[in-house]
Amino acid sequence: MAPRCWRWWPWLAWPRTRPPPSESTQSFRQQFSTQEQTPQICVVGSGPAGFYTAQHLLKHHSRAHVDIYEKQLVPFGLVRFGVAPDHPEVKNVINSFTRTAHSDRCAFHGNVVVGRDVTVQELRDAYHAVVLSYGAEDHQTLEIPGEELPGVFSARAFVGWYNGLPENRELAPDLSCDTAVVLGQGNVALDVARILLTPPEHLEVLLLCQKTDITEAALGALRQSQVKTVWIVGRRGALQVAFTIKELREMIQLPGTRPILDPADFLGLQDRIKEVPRPRKRLMELLLRAATEKPGVAEAARWASASRAWGLRFFRSPQQVLPSPDGRRAAGIRLAVTRLEGVGEATRAVPTGDVEDLPCGLVLSSIGYKSRPIDPSVPFDPKLGVIPNTEGRVVDVPGLYCSGWVKRGPTGVITTTMTDSFVTGQILLQDLKAGLLPSGPRPGYAAVKALLSSRGVWPVSFSDWEKLDAEEVSRGQGVGKPREKLLDPQEMLRLLGR
């Protein structure tokens, strides 16, 4: 929406006898007319970053039209495929995104792979501005011997398996082992540990309450799981863990499980946390209580009867996945013992020369997600895994923006992404008002639709998604779940008559 001072200027209605306007006035007129036309903007990615960016643009510019492109047939990104299936309340944000998609100035186009089906340059030719919000769809590799052995998975793929991400539907992890190791100490690491250790009877309670949309295949495998112990391993110490207090509290209170925490790992921590920010201090205090204080009567009884356990191992870095005697699968992991060097942000873990072997039959690597380059025309920093940008403006590419993880890296929670995406949206609108974006009309989706049609690509609309959504809900009702997710893209297309 234009600033108040732009709404009316006397010289926009000069009498014919007046001299022609100056070059500066002509330039101003051009900027003004650009604001009055319909800005055509496209967003690549329909996860939280994409939808929050679209929300901001639609709210703060009364004429803007936003097209959202998504490579999956279904929307919502990590809200659908990344949020733990026992956290249904987090997924309520989908209601807000659905209202955005229902706007007559917003359109969803699924089943379109930008960079393959249509290039970023073709999008830039069709729109006044393009925002890349496609997230971090890859994972950091361990780069150690044995990583390729059966029984070793990225946590991202494991999460995708139990959350119904089509590309991970055939993962089929073997859960017949007694011990699993999760490498990394962030929220995703605690999510997968919690899902692995949740007792089958507790899963049934979640089903009865219709509080989980975990896939039926994953549910069946977890019911039969033999995993009794999960070690969550980090390169650094307790003070550097990346998980948050909510996830830690859930682990401590998980039915049928007990924590294994060595008090020696927390020596001196009480003094070191006095000056840390309050959220970190509260997290450390909870850890300290769980590790060093005698549990209450009820908690002690619960832990004594627990058949499953989880533990934190600090100052350990993966060095090698150890094979079984026949070499056919993972049977353990060799960990280098580490110590911290440096202070503050420069603190890093370095090996001491000591190693230890930890037997396990399942290794889940949760050391971070990373973004991929989307198109040769878009600059990309492979070391940081982000698109180089300044406040969301892609460096040296006018009219191209980014938001979310591909902008700042895979950190933070959904509200972090919301704030970040609003900033990008605001910057884009500032550039629009300043006349920094292309003037004149742009064809928007009409041009892209013609390109996709000529290439045999059939986009999925939001109304198409709502048909798939209704089918998932219907199938879920048959098994007492809020939904049973469709896993096969070909089946989805058949249901849509494609």
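I began with a residue pair: Ser317 stands opposite Ala336 in β12. This is a predicted model, in which local features need pLDDT of at least 70 and side-chain atom pairs count only at pLDDT 80 or more, while totals for chains, interfaces and linings use all residues. Residues are numbered from 1 along each chain as its sequence is written, and side-chain values use heavy atoms, without hydrogens and water.

I then looked up the strands (DSSP runs of E, at least two residues, numbered from the N terminus). β11 pairs with β12 (residues 330–341) in the antiparallel sense over 7 bridges; pairing takes at least two DSSP bridges. The open sheet has 3 strands in the order β11-β12-β13, paired antiparallel. β11 (316–323) and β13 (348–359) are the edges; each has a single partner strand, so one side of each lacks a neighbour in the sheet.

Next I checked the second largest pocket and noted a volume of about 410 Å³. A pocket is an open set of points on a 1 Å grid over the protein atoms alone, where a 1.4 Å probe fits, with protein on both sides within 12 Å along at least five of seven lines; lining residues have an atom within 4 Å of a point. The volume is the space filled by probe spheres set on the points, which are joined across faces, edges and corners. Of the 18 lining residues, Lys91, Ile94, Asp213, Asp469 and Arg483 are closest to the centre. I found that α17 gives the most to this lining, with 4 residues; helices are DSSP runs of H or I, at least four residues.
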